[in-house]
Amino acid sequence: MAIWHQRPTVDGLNALLERDMVSHLGMEYTEIGDDYLRARLPVDQRTRQPYGLLHGGVSCVVAESMGSVGSALCVDPETHYCVGVDINASHLRSASQGYVYAEARPLRVGRRNQVWDIRISDENERLVCVARLTTAVIER
């Protein structure tokens, strides 16, 4: 059973990116399941730090964006909106080229807050970053 208030589409989410900071980084949504979002991000001059590795801040931006979008998709936008209140990220391994792939899944979808688990992996499916985002659900 899908958790989404209204069923999102990959094209619809990617259209949202045109108005979002992560569009400058080249992120694109690739898949939507009943309870998860998937995206990919290039590891290139836009997303690497001076040593040539994926910037840890970029991983946090991807996690915040995906968790926030997932959170917003779980509420009625006419009556509620969601904002991030806490993010934690553990950087487990580096990536220096190709793509990284992110998957966001909720740990809790509540009436007042949500907690999302975001995992970023390299092209060999090795974890690069594990993040947790907490959002507040606010009444309009």
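Predicted model: local features only at pLDDT ≥ 70, side-chain atom pairs only at ≥ 80, totals over all residues.
Author: Residues are numbered from 1 along each chain as its sequence is written, and side-chain values use heavy atoms, with hydrogens and water left out.

Reader: How many disulfides does a search of the whole structure find?

Author: A disulfide is a pair of cysteine sulfur atoms within 2.5 Å. The sulfur of Cys60 has its closest cysteine sulfur in Cys129, 5.9 Å away, which is too far for a bond. For the whole structure, the number of disulfides found is zero.

Reader: Is Cys129 buried or exposed?

Author: Buried means under 20% relative accessible area, exposed means over 50%, and partly exposed is in between (1.4 Å probe, protein chains only). Cys60 is partly exposed at 25%. Cys129 has a relative accessibility of 1%, so this residue counts as buried.

Reader: What is the volume of the largest cavity?

Author: On a 1 Å grid over the protein atoms alone, a cavity is a set of points where a 1.4 Å probe fits but cannot get out; a pocket is an open set with protein on both sides within 12 Å along at least five of seven lines, and lining residues have an atom within 4 Å of a point. Grid points are joined across faces, edges and corners, and a volume is the space filled by probe spheres set on the points. The structure holds one cavity of 30 Å³ or more. The volume of the largest cavity is about 50 Å³.

Reader: Which elements each supply at least two residues of the lining of the largest cavity?

Author: Helices (H or I, at least four residues) and strands (E, at least two) are DSSP runs, numbered from the N terminus. The lining includes Met27, Arg40, Leu54, Ser59 and Ile120. At least two lining residues each come from strand E2 (37-42), helix H2 (56-73) and strand E4 (99-109).

Reader: How do the residues of the lining of the largest cavity divide?

Author: Ala, Val, Leu, Ile, Met, Phe, Trp, Tyr, Cys and Pro count as nonpolar, Asp, Glu, Lys and Arg as charged, and the others, Gly among them, as polar. Among the lining residues are Leu41, Val58, Val62, Val100 and Ala102. The division is nine nonpolar, one polar and one charged.

Reader: Which element gives the largest share of the lining of the largest pocket?

Author: About 210 Å³ of space lies in this pocket, and its lining divides into five nonpolar, two polar and three charged residues. The largest share, four residues, is from H2.

Reader: Is Thr47 buried or exposed?

Author: Contact means heavy atoms within 4.5 Å. Thr47 sits in the loop between E2 and H2. Not counting residues up to four places away in sequence, its contacts include Leu25, Leu53 and His55. With 1% relative accessibility, Thr47 is buried.

Reader: How far apart in space are Ile3 and Asp34?

Author: Ile3 lies in the segment before H1 and is partly exposed, at 29% relative accessible area. Leaving out residues up to four places away in sequence, it touches Asp34, Asp35, Cys74, Pro106 and Trp116. Ile3 and Asp34 are 31 residues apart in sequence, and their C-alpha to C-alpha distance is 6.2 Å.

Reader: What is the phi of Glu125?

Author: Glu125 is in the loop between E5 and E6, and is exposed at 71% relative accessible area. Although Glu125 is not a glycine, its phi is positive, at about 65°.
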